[in-house]
Amino acid sequence: MDIIGARYSHVAILLHWAIAALVLTTIPLGVYGANFGGDLARTAKDIHKPIGILILALTLVRVGWRLSHKPPALPDGMTPAMRRVARGTHIAFYVLLLVLPLSGWWMSSAVPVRHPISFGLFDVPFLPVPRGFASAGPAHLVHVALGFLMIGLAALHIAAALKHQFVDRDQVLNRMLPRSA
């Protein structure tokens with residue numbers, strides 16, 4: 001099946017780009033907040049946390065949408081190996097987009113001195129997890145390791161999209177771009 005003209009739904013496109021923008025925003029905030037001290041680092045962490053919760057919420061919506069709406073077919077010219085890589089990459093993204101925010105929420109809930117995860121008008125409740133570094137430490141290790149994996153996977157995803165657009169010229173990128181693009 002030729003994919004020219006086959007597109008993701010408007011909802012899938014909106015969720016994809018909203019989550020991508022939030023991920024690309026929260027990564028540098030998390031890195032800065034974790035590696036520096038002072039008021040600016042505290043502010044970076046305070047912004048990083050609710051963005052993570054928002055990513056989790058939007059990912060849950062996206063998973064629900066994806067389960068109920070079939071995506072466009074991959075191009076006929078893709079080898080079976082490349083199809084497996086594409087599917088595996090998307091599954092890995094979904095897992096990371098769920099586990100990364102959950103591990104951060106766990107860590108924020110478990111540390112002895114907790115700072116609220118605030119959306120301004122309301123705070124997100126802390127998870128009912130054991131308090132202390134014995135609980136927060138492993139959550140932190142998972143969060144950091146998966147954060148680096150997310151950076152690598154995002155770079156791979158962007159490189160693959162550009163390859164499809166400029167080398168393969170197979171319209172894969174166009175099916176996820178907003179119509180105005």
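Modeller: The chain holds 4 helices and 2 strands. Here helices (H or I, at least four residues) and strands (E, at least two) are DSSP runs, numbered from the N terminus. In sequence order the pattern is α-α-α-β-β-α. The C-alpha trace spans about 55 × 30 × 30 Å along its principal axes.

Some ground rules. This is a predicted model, in which local features need pLDDT of at least 70 and side-chain atom pairs count only at pLDDT 80 or more, while totals for chains, interfaces and linings use all residues. Residues are numbered from 1 along each chain as its sequence is written, and side-chain values use heavy atoms, with hydrogens and water left out.

Now the largest pocket. A pocket is an open set of points on a 1 Å grid over the protein atoms alone, where a 1.4 Å probe fits and protein lies on both sides within 12 Å along at least five of seven lines. Its lining residues have an atom within 4 Å of a point. The volume is the space filled by probe spheres set on the points, which are joined across faces, edges and corners.

The lining of the largest pocket counts 49 residues. Nearest its centre are Tyr8, His16, His90, His157 and Arg175. Elements giving two or more residues to this lining are α1 (10–35), α2 (39–68), α3 (80–110) and α4 (133–168). By class, 32 lining residues are nonpolar, 8 polar and 9 charged. For these classes, Ala, Val, Leu, Ile, Met, Phe, Trp, Tyr, Cys and Pro count as nonpolar, Asp, Glu, Lys and Arg as charged, and the others, Gly among them, as polar.

How do those helices pack? Two packed helices are described by the angle between their axes and the distance between the axes. Take α1 and α2. Their axes come within 8 Å and cross at roughly 155°. Axes are lines fitted to C-alpha atoms, for helices over the stretch in contact, and angles run from 0 to 180 degrees between N-to-C directions. The two helices are therefore roughly antiparallel. That term covers angles over 145 degrees; under 35 is roughly parallel, 65 to 115 roughly perpendicular, and the rest oblique. α1 passes α2 in a left-handed crossing, meaning that the near helix is turned anticlockwise from the far one by less than a right angle. Their contact has 20 nonpolar, 7 polar and 2 charged residues.

Next, α3 and α4. They pack at about 150°, with axes 8 Å apart, so α3 is roughly antiparallel to α4. α3 also passes α4 in a left-handed crossing. This contact has 18 nonpolar and 9 polar residues, and no charged ones.

For context, the second largest pocket has a volume of about 970 Å³. It has 38 lining residues, with Gly30, Ala34, His48, Met107 and His143 nearest its centre. α1, α2, α3 and α4 each give two or more residues to its lining. α4 gives the most, with 10 residues. This lining has 21 nonpolar, 13 polar and 4 charged residues.

Last, the record. UniProt, in an unreviewed entry, lists "domain: Cytochrome b561 bacterial/Ni-hydrogenase" for residues 7–178. The end C-alpha atoms of that span lie 10 Å apart, and it is 72% helix and 2% strand. The entry's "transmembrane region" annotation covers residues 12–35, 47–65, 85–106 and 141–162. Such annotations may be inferred rather than shown by experiment. In the model, residues 47–65 are 100% helix, with end C-alpha atoms 27 Å apart. Residues 85–106 are also 100% helix, with ends 30 Å apart.
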